[in-house]
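The following paragraphs lead the reader through a structure, beginning with the contacts inside one chain and then turning to its partner. Please keep the sequence and the model in view while reading.

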Amino acid sequence: MNLFDEERRNPSEPDTEKETWVDRRTWLTGAVSMVGATAAGLLTPALLPAEEGESVRPTHVPGRSPSPYGVRAQGETVQRLPTATHSLTPHHALHGIITPSALHFERHHNGVPSINSDRHRLLIHGLVDRPLTFSMNDLVRFPSVTRTLFIECSGNSGKEWKGPTGTTVQETHGLMSTSEWTGVPLSTVLAEAGIKPDAVWMLAEGSDAAAMTRSLPLAELVNDALLCYAQNGEALRPEQGYPLRLVIPGWEGNTCIKWIRRLKLGTAPFMTREETSRYTDLMPDGTAKQFTFVMDTKSVITSPSGGQQIDPGFVEIRGLAWSGHGKIVMAEVSTDGGKSWHTAQLQEPVLPKCHTRFRFGWRWNGDETIIQSRCTDETGSIQPTRAALVAARGVHSFYHYHAIHSWRIDRRGAVTNGQV
Amino acid sequence: MGKSRAVASIILALGLFLMPNWILKAEEPRYGLGKPATEADIKAWEIDIAPNGAGLPQGRGTVQQGATLYAAKCAACHGPTGTEGPKDPLVGGQGSLASEHPIKTIGSYWPYATTLYDYIFRAMPFSAPQSLTPDEVYSLVAWLLHQNGIIQKDAVMDARTLATIRMPNRNGFISDLRSDGPGH
């Protein structure tokens, strides 16, 4: 099994030859500065760092100098899978629970805006005592909070409603990621403006070309919503809302408005396009569920997963479990298509509203089978079977698919998406 | 689920959100950060339109004006009559939501006409959002509502008339308290 292999190669992936040449040149510059210009002439071809593919003896040549901003090792090429509107996190190739910022999924509705942090402002108005504007400097001065949380687009696995569509876990579950988020509690900033007693809903608006807008119930927001300016210890990535985004623990990703610039308090939902014609779940009777904020209990095996190949013998089944309601208390794995279930090991720390890594040691005997995972959260919510979910919600919801996911393994060890 | 039960669910949901537990902790301190927002600050960014029509600007538009504008600025993505795509169909689909092939359009799905004004100004055309004048937005709203059989061909859309439009799927939405699905 090649856990580190990238299963898909994007045809648009840039040629690495030029990067190799740059690295070599950078090394030479560093070498010259270390040993002095006169010594540079003494460098023989054998001492030069080899081109990719040639044998390198790292104990025989000086390594490169420290750099101001790190990049991953040459040869590590795992990447997001981009489309016109989103990009998908390669969970089949990741470990632990933190998604590297550069691999955090993207979903934006009219591109990633270019925003100058010094000029960015947050406006709070509507049913407040004092309409206020905040600079980024103001917001960073407030008492801060850091939490490790998943963000999952409610369209994650959405194509699976109608059948096993995605080939890899990147395609079926790539619209979710986990980061360590730092910011100021929304309640702290709202208190600065003073919430009027009749304010019940808050409109949050982004400063992107979609001016993305959602109405959110204040009662829930003041509990734990954050206005975040940092992700995994550094400023937000542009595609994650730089310089400021809302993060609402456990809620569908679309509510975590990026590039946020305006909060307006009101008495009722504003009924924006995104909470009426989009992000609503059509039921079989023709009605639609609206304001489905919490992402329900869900898990998936990330390896072995679709597109990967296993060999008989020991296989560590690895996956992620999460719930927008709270902490995961149990993850279970089935290696016989759901006939029997085994408790998987949960990697500590298990955090609420955060991805939890689970592992289960398995010996594959070479027979065709189906592997699955399911999880239970601290509120007793159990991830449903596909049949139960479809019975309750039909197949036209598009959003909020959270059924048990099945991977088929054939006699050759090839893993494919296959619903049961 | 019947429409009356749907309405009841919405009222119930709003009622729950209205429960007083939202009030901030009394001891939430203030830090003296931020600057007072001026009327100009607010006016420059306050583009939202409420379901009761609050926020709708002065201006007016007709179905005929909308037809011309739609052909020029919208048809390339949404099709000549609003049904062809390649992007979202905007017209038709009424009566299809409970079928095997539901078609979600403005006419079949959108619960509020005011959302049309809000969204078209805010985000359309895709290549030049927030570039349309109020008259242009009212015209496009008029054409789209007429194409969906919701207003007459001679109707004029403005702040007063748009707020009175009742959409066919107005009662089609149920606030989801996660109380009836699997798990919750």
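Of the contacts in chain B between residues at least 6 apart in sequence, 61% join residues at least 24 apart; two residues are in contact if their C-beta atoms, placed from the backbone, lie within 7 Å. This is a predicted model, in which local features need pLDDT of at least 70 and side-chain atom pairs count only at pLDDT 80 or more, while totals for chains, interfaces and linings use all residues. Residues are numbered from 1 along each chain as its sequence is written, and chains are lettered from A and ligands numbered from 1 in the order in which they are written.

Chain B contains seven helices and four strands, which follow one another from the N terminus as α-β-α-β-α-α-α-α-β-α-β. Helices (H or I, at least four residues) and strands (E, at least two) are DSSP runs, numbered from the N terminus. Of the 184 residues of chain B, 37% count as buried. A residue is buried if 20 or more other C-beta atoms lie within 10 Å of its own, exposed if 12 or fewer, and partly exposed in between, with C-beta atoms placed from the backbone.

Helix H5 (114-123) of chain B is mostly covered, with 10 of its 10 residues buried. Among them are B:Leu116, B:Tyr117, B:Ile120 and B:Phe121, together with the charged-class residues B:Asp118 and B:Arg122. The cover over the buried residues of H5(B) includes helix H6 (134-147) and helix H7 (159-163) of chain B.

The contact between the chains takes 48 residues from chain B and 58 residues from chain A. On the side of chain B that touches chain A, the elements giving two or more residues are helix H1 (3-17), strand E1 (35-36), helix H2 (39-45), helix H5 (114-123) and strand E4 (173-175) of chain B. H5(B) gives the most to this side, with five residues. By class, this side of chain B has 30 nonpolar, eight polar and 10 charged residues. Ala, Val, Leu, Ile, Met, Phe, Trp, Tyr, Cys and Pro count as nonpolar, Asp, Glu, Lys and Arg as charged, and the others, Gly among them, as polar.

Strand pairing also links the chains: two bridges join strand E5 (residues 132-135) of chain A to E1(B), and the two strands run antiparallel. Two strands pair if DSSP finds at least two bridges between them. Within E1(B), B:Lys35 is the bridge partner of A:Thr133.
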